[in-house]
Every structure is written in C-alpha cells, then in structure tokens.
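Here are my notes on this structure, point by point. Please keep the model open as you read.

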Amino acid sequence: MNVLIDKFDVFAGGFWLTLQICILAAIGALILGAIVAVLRISPVPPLRAVGTSYVNVFRNMPLTVVMFFAAFGLPALGSNADFLRIPVIDSLFTRLGTDLPYFRFALIALVLYTAAFVCEALRSGVNAVPAGQAEAARSLGLTFGQNLRHVVLPQSWQASVVPLGSVIIAMIKNSALAGFFGVVGDLSATADQLTGAEGYAFVPVAIGISIGYLIMTVPLGALLDRIEKRQAVAR
Amino acid sequence: MSQQTSVLYDVPGPRQRRITLISSIVAGVVLLVGAYFLIYRPLDRNGQLSMELWGPLVDPSNENFSQVWDRIGLGFKNTLIAAALAIVSSLVIGTLLALLRIQLKSLTRRRFVGMATPLAYLLRGLSALLSAITRVCVEVFRGLPVVITIFFVARGFPEFGLYFDNLWYLVIGLTIYNSVVIGEILRSGMEGLPGGQAEAAAAIGLSPTQTTRMILLPQAFRIMLPALISQLVVVLKDTSLGFIISYEETLNIGKQIIGVLGNPIQVYVVIAVLFIVVNYSLSKLAQYVQRRLARGRKTAATPAQNPPPAALMSQAEGGAGS
C-alpha cells in the first residue's frame with residue numbers, strides 16, 4: 001500500500017491530466033455535436049446528409065481507429081495539430097502548448113468520436129418533443145427562431161440532459177485510451193508506468209487508478225439517476 | 001427523417017420548396033469546394049493518393065495484395081472470435097448477475113418470520129450485506145473504463161500465477177465490463193415489467209424460480225433485445241482494444257502492415273470501412289428488431305411496459321471503446 005502514499009503526487013498528477021482531457025474534450029464535443037445536430041435537423045438535404053454520414057461513420061468506428069488516425073494519420077499529413085495551441089487556454093491546460101503533439105491528437109480523436117454521440121443525444125431530445133407543441137407554436141404565429149427558443153428547445157433540453165450526461169460519462173471512460181497513445185502521465189499511462197517499468201506491486205496501483213476513475217464516473221452516474229427519477233415523477 | 005422535419009417545419013409550399021432547392025444547390029457546391037480544399041488538396045499535396053500507397057490494398061495485380069488481405073482477413077477473424085466469445089460469456093454471466101441481484105433484493109425484503117430472533121437478524125444482515133457487495137461490484141466495474149479493465153486483467157492475472165493466451169485476457173476483460181452492463185439492462189427490464197405478471201405467476205402456483213425463469217426473464221429479453229444487439233456493436237468495437245495487450249486483431253495486423261508498407265492513412269481507411277460496414281448492418285438489424293417488436297404487440301390488453309431508463313441505454317451505447 002506504500003505506493004499509494006509514496007507516489008501520491010503521481011496519482012494526483014495523472015488524475016489532473018485525465019480531468020484536463022475530459023474537460024477540454026467535453027467542451028469540444030458539445031460544440032461540435034451541437035453543430036452536427038443542427039446539420040442533421042436542417043431543412044437542406046445536403047447538409048442533412050453530411051450530418052447523418054458523420055454520425056454513422058463515427059458511431060460505427062471504434063475509438064481506437066479514430067485515435068490511430070489522429071496519432072499516425074495527422075503526422076503523415078505533416079500536421080502537428082498546432083491550431084490547438086490557443087494562447088490563453090494553454091497557460092491553464094499546459095499540455096496543449098507542448099511540443100509533443102500527442103495530447104492534442106488524443107483530444108481531437110475524443111472530440112470527433114464523442115460529437116457523434118452528443119449529436120444523437122441532442123437529436124433524440126428534439127424528437128421527444130411532441131409534434132403538436134411546435135405546430136401549436138406555429139399556429140400562434142411564432143417565427144422559426146421564437147419557436148425553437150421558447151417552445152422546442154426548453155423541452156428538448158429536458159429530454160436530452162440525461163442521455164448527454166451518459167455520453168459524457170462514456171467519454172470520461174474513453175479518455176483512458178489516450179494513455180496508450182503517447183499521452184504521458186495520465187491515469188492509464190501512470191498505471192502502465194508504475195506496474196511495468198517501475199515494478200510496483202500490482203494491486204495497490206490498480207486500486208489507486210480505479211479510485212481515480214471512479215471519483216469521476218460514479219458521482220456523475222448517481223446524479224443522472226437522480227435527475228432521471230425526478231423527471232419520471234414529474235411526468 | 002420526415003418525422004423529425006415535421007416537428008420543426010410545416011410541409012413546405014412551392015416557395016419554400018424553391019428556397020430549399022436553391023439552398024441545397026448552394027450548400028452542395030460549398031460542401032464540394034470545402035471537401036476539395038480541406039480533404040483532397042492536403043491528401044494530394046502529401047502524396048497520400050498515390051497508387052504506391054493504395055496499391056497493396058485495392059489493386060489485385062499488386063504483388064502484396066493477396067498477402068495483405070490474407071493478414072487483414074486473419075485479423076478480422078480474430079476480432080470476430082474475441083467478440084463472439086465475449087458476447088456469449090457476458091450474456092450468460094450478465095443473466096446470472098441480473099438473477100442474483102433480483103433474488104438478493106427480494107431476500108433483503110424477507111423478514112424470516114418463524115425463526116429464532118438472532119438467526120433471523122443474522123440472515124437479514126447477511127442478505128443485506130451480499131446485496132450491498134454485488135451493488136458495489138456492479139458500480140465499480142461499470143465505472144471503470146474497459147481499457148483499464150483489460151489492462152488490469154492482462155497485468156494482474158500473471159501476478160497471481162494465472163497465465164492465459166492474450167485472447168483470453170481480452171475476452172475476460174470485455175466480459176467483466178459487458179456482463180455488468182447486460183446484467184443491468186436485464187435487471188431493469190425485469191423490474192420494469194408490470195407487477196401483475198409476477199403476481200399472476202404466483203397465483204397459479206409457480207415458485208419464485210419458475211416465475212423468474214418462465215415469466216420474467218423471457219419478457220425482459222424480448223424488451224431488451226434491441227439494447228442487447230447494440231451492446232453487440234459495442235463489444236465488436238471494443239475488441240479493437242486488444243491491441244494494448246498485443247492480441248492479433250484487425251488493428252494490430254494493420255499496425256504490422258503499416259510497419260512494412262508505411263501507409264497508415266490507407267490501411268486505417270480500409271479497416272475503418274470494414275468496421276463501419278459490419279457495425280452499421282448490426283445497428284440496422286437492431287432497429288429492424290425494434291420495429292418488429294413494436295408491431296408484434298397487437299393485443300390492446302397488454303399493459304404498457306416501462307421503457308428501460310434512458311441513462312442505462314445510452315450509456316451502454318455511448319460506452320463504445322470505453
């Protein structure tokens with residue numbers, strides 16, 4: 001059990017790095033997912049086709065393949081993903097600005113992959129709104145924008161909050177893959193490093209790493225359960 | 001498509017149809033131009049479209065073609081073997097887990113009347129404890145990433161003197177995660193059944209075991225079939241994690257091919273297409289089954305079954321690669 005105390009800073013550092021990936025990837029995926037969702041429900045067929053094929057491609061491909069694309073395909077194109085070195089943000093999330101690009105690659109892969117699921121969560125929310133609601137709003141003379149803002153989106157938001165939360169939980173778990181794609185020092189890479197190269201006993205390290213992930217996933221899951229139960233009662 | 005459009009828009013009139021047509025053409029042109037500059041040009045500039053890199057994968061007359069596809073076929077076969085083993089064992093274990101949790105839950109409600117008071121308290125404490133332990137195990141293994149579970153299995157088992165093939169490490173790791181998920185899917189399916197089902201079974205004299213086996217479980221499977229099929233997709237995608245323990249599945253083979261031929265983008269495009277085709281057909285199958293089931297329930301007297309919790313379903317689905 002000593003390794004937990006001796007190497008506490010390593011575990012904490014790994015936790016913080018994993019949390020950084022998760023926060024950045026969640027923000028990116030929510031934005032990109034919202035854009036794809038807008039494409040998917042737009043009235044223009046080509047845009048809808050783009051949204052649909054994006055979702056189909058990324059939902060049916062293993063995240064590992066996306067990661068490989070990012071980690072080997074981007075360098076083959078001569079890109080280092082330098083556009084993610086955003087001046088102010090990279091002083092807070094220091095890994096964004098480093099010369100080793102793997103943090104950025106992992107981030108890109110996670111965002112691209114998760115956005116497909118975010119889009120589906122948002123779209124299922126919009127689909128959950130009864131058609132009569134929007135029809136009633138239109139017959140009152142609300143414009144398309146007013147209709148969305150006052151009638152459809154508030155209700156669809158309620159229906160999509162739980163699926164969105166689950167997508168985020170899944171994304172936190174998916175972020176573990178980054179450690180196997182050259183991101184040094186996140187929780188899963190720490191597990192590899194401590195049990196492999198540094199030869200610490202397996203069980204304490206496993207416990208430490210598990211706690212790191214469970215701290216993030218279990219409370220979020222419990223919160224979602226609560227929200228869902230409350231919604232079920234309210235309906 | 002038509003359904004989601006009708007929520008937000010009226011049926012378009014002639015003017016609206018014209019606007020849609022014009023904006024479709026504009027959007028199509030913009031998309032094509034964008035694809036040319038953002039995808040085709042960078043690829044072309046870096047020589048990624050040359051036949052030298054694509055040849056071994058698409059050109060049958062290439063010297064490496066048959067060898068490359070033999071290897072990819074082998075990898076895909078290994079992927080399918082691992083996925084099949086994992087899904088079968090997680091179905092079996094998941095079902096057992098669901099039954100165990102349901103039984104323990106009903107046990108904790110029993111008061112054990114007619115026994116000596118200390119014994120009754122002991123039994124009640126014991127069943128509460130067991131129920132709590134299974135609950136904690138479920139939460140832990142559901143909250144851990146699959147990668148980490150597979151990694152723990154592959155690193156941890158040898159420490160305790162258990163040596164297997166890499167295939168079995170992968171299958172065990174996948175089974176641990178997916179059996180817990182499937183167990184929860186089935187359990188919520190059984191608990192979502194109308195209470196009258198179990199009551200009616202008890203009224204005609206079925207024992208609790210018979211009730212579960214003959215009444216509850218088949219119905220839970222039926223309701224949850226679409227969710228179970230999408231879990232199959234998840235397992236198939238997660239098999240690709242075998243590369244971290246160097247199991248020879250599709251991606252690992254892909255890496256070997258790239259090591260020789262040096263064409264990462266091309267190989268990964270081919271592998272991605274393989275996965276997409278298989279998984280897309282599986283998802284379509286799930287949708288078809290769901291429609292069939294919805295259509296099959298014709299009798300008006302059948303009470304509305306509670307849908308499974310959205311969180312559980314979408315987490316299971318979004319859990320791909322996790």
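1. Start with the fold of chain B. Among its contacts between residues at least 6 apart in sequence, 76% join residues at least 24 apart. Two residues are in contact if their C-beta atoms, placed from the backbone, lie within 7 Å. Chain B has twelve helices and zero strands. Helices (H or I, at least four residues) and strands (E, at least two) are DSSP runs, numbered from the N terminus. Of the 322 residues of chain B, 33% count as buried. Buried takes 20 or more other C-beta atoms within 10 Å of the residue's own, exposed 12 or fewer, and partly exposed lies in between, with C-beta atoms placed from the backbone.

2. A word on the basis. This is a predicted model, in which local features need pLDDT of at least 70, side-chain atom pairs count only at pLDDT 80 or more, and totals for chains, interfaces and linings use all residues. Residues are numbered from 1 along each chain as its sequence is written, while chains are lettered from A and ligands numbered from 1 in the order in which they are written.

3. Next, confidence. The predictor gives the complex an ipTM of 0.85 and a pTM of 0.85. The mean pLDDT (the predictor's confidence in each residue, from 0 to 100) of chain B is 80, and 89% of its residues reach 70 or more. In chain B, helix 7 (residues 166-192) is highest at a mean of 88, and helix 12 (residues 310-318) is lowest at 48. Residues 300-305 of chain B stay under 50, with six contacts beyond four places in sequence. Residues 314-322 of chain B also stay under 50, with 38 such contacts. Where pLDDT is low, the predicted coordinates should not be read in detail.

4. Now the interface. Chain B gives 54 residues to the contact and chain A gives 58. Helices 1, 2, 5, 6, 11 and 12 of chain B each supply at least two residues of the side that touches chain A. Helix 11 of chain B has the largest share, ten residues. This side of chain B divides into 29 nonpolar, 20 polar and five charged residues. Ala, Val, Leu, Ile, Met, Phe, Trp, Tyr, Cys and Pro count as nonpolar, Asp, Glu, Lys and Arg as charged, and the others, Gly among them, as polar.

5. Look at one helix pair in chain B. Helix 7 and helix 9 (residues 208-238) of chain B pack at about 150 degrees, with their axes 9 Å apart. Axes are lines fitted to C-alpha atoms, for helices over the stretch in contact, and angles run from 0 to 180 degrees between N-to-C directions. So helix 7 of chain B is roughly antiparallel to helix 9 of chain B. The cut-offs are under 35 degrees for roughly parallel, over 145 for roughly antiparallel, 65 to 115 for roughly perpendicular, and oblique for the rest. The contact includes B:Leu174 and B:Ile182 of helix 7 and B:Leu216 and B:Val235 of helix 9. By class it has 13 nonpolar, three polar and one charged residues.

6. Compare a pair in chain A. The axes of helix 2 (residues 8-40) and helix 3 (residues 45-59) of chain A come within 7 Å and cross at roughly 130 degrees. That makes helix 2 of chain A oblique to helix 3 of chain A. A:Val36, A:Leu39 and A:Arg40 represent helix 2 in this contact.
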